[in-house]
Amino acid sequence: SLIGLAFCVVSMGLLWKDTGEVGHTTVALWVGTVLAIAFTLFAGFIHFDPKNLETPDNAYSDGFKLFWSFGVAMRIGIYDFMGYYDICFVGDEVKNPSVTIPQACVVTCQVVAVVFFAVNFAVIGYLPWHGEDGFVELVEGDTGGANYIMSLFMERMFNRGFAIFFTLVVLYTIFGSCFSLLLGYSAIPWAAARDGMFFQWFGHLHPTKQGLADHSLLATGIMTGLCCFLDLELLINGLVTTRLVCQFIAQAVSVILHRKHFPDAERPYKMPLYPLPVIICIVFFTFVFVTTENYIIMNQVPLLELAIAYLLVGLAVYFPWAKTMGMWPYNGYGYSMTTPAKGWVDKKEDKDTEMNEKGAKHMLADLIPGHSQILYLV
């Protein structure tokens, strides 16, 4: 908890600079992360033992348990992949964003997928899976040894001193992740406030440091620091569970909505076999969501119930605010997210004229008219 809090404080200090200086820090952290990954792959594969990949005879005996466990494994995998879309948070700083952002997201996903599987194979191929010193015993034991798998990996391969050094290297890469995420997420309240979709206090920029959304960074950093004192497993599962609905499933649905309402819109990037990829996306993310630990069915930690309650609280806060501010569904676009009410075009033009006069027209208003506020809600 204290290490995590220290990461937040140091990250905020490094981000409390001009945009150019932040870019130099990002590159330095990226280089260190790449070197750590490269060494792990090299060390793991030169000591690789294929026998460590053999599964026990009863590994697939319980089909339902195996099927349900995919949801748990996918949730961890989703968490590990989070961050590939960080570039979306700082779109104002990106040159040629309509081309650069999609390419960055796709290429990052592909690279991270290769690195993810390669590192896992390198580690699993060296550390035994079974036996007294196996990974299974570490997970089921009370020592928490499975939480320090990279330290154990290096200690068994080299020695304790090198394991301590590499643990510091791992902390360096983790810090890089914290730094980049805090950089990205602090931009969201600022962008929302700038477009009139959030409290204006968050839209403040530092008077002397170029591009520094100081109020948003301060609030995001403090909230992140407080979360450091929560149980890590609970925090990760809760984060992924809410993100599944708020972002991943919502984005898939928004693609369908956009294609339905704007069939002739220019699309420089094609989706092969549409809508099959979207349907697969929705089905798998929904599967991960419903397999979340819950109290009602599994008699476990009520993560699913808390995630649903969290979303309901968001709705309860949003709708009174939307009514006061004249946002969706009180803005004349119609009450259906999929079928705008008759006359919505004329009302949209009046609304856009009014928002232009205030200088607060949402950047996505032309992308999904009538639904742009919903994107900020989720």
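**View 1. N299 in the loop between α11 and α12 (303-325).** N299 counts as exposed because its relative accessibility is 56%, the cut-offs being under 20% relative accessible area for buried, over 50% for exposed and in between for partly exposed (1.4 Å probe, protein chains only). Phi of N299 is near 60°, a positive value in a residue other than glycine. Helices are DSSP runs (H or I, at least four residues), numbered from the N terminus. The model is predicted, with local features requiring pLDDT of at least 70 and side-chain atom pairs pLDDT 80 or more, while totals for chains, interfaces and linings use all residues. Residues are numbered from 1 along each chain as its sequence is written, and side-chain values use heavy atoms, without hydrogens and water.

**View 2. N96 in the loop between α3 (63-81) and α4.** N96 has a positive phi, near 50°. With a relative accessible area of 49%, N96 is partly exposed.

**View 3. The cis peptide bond from Y274 to P275.** Omega is near 10°. P275 lies in the loop between α10 and α11. Most peptide bonds are trans.

**View 4. The largest nonpolar core, of 17 residues.** A nonpolar core joins buried Ala, Val, Leu, Ile, Met, Phe, Trp, Tyr and Cys residues through side-chain atoms within 4.5 Å. The residues touching the most other members are I78, M82, Y85, V240, L244, F248 and F285. At least two residues each come from α4 (97-124), α10 (232-261) and α11 (276-290), and α10 gives the most, with 5 residues. Another core, of 13 residues, lies apart from it and includes A36, L127, M154 and M157.
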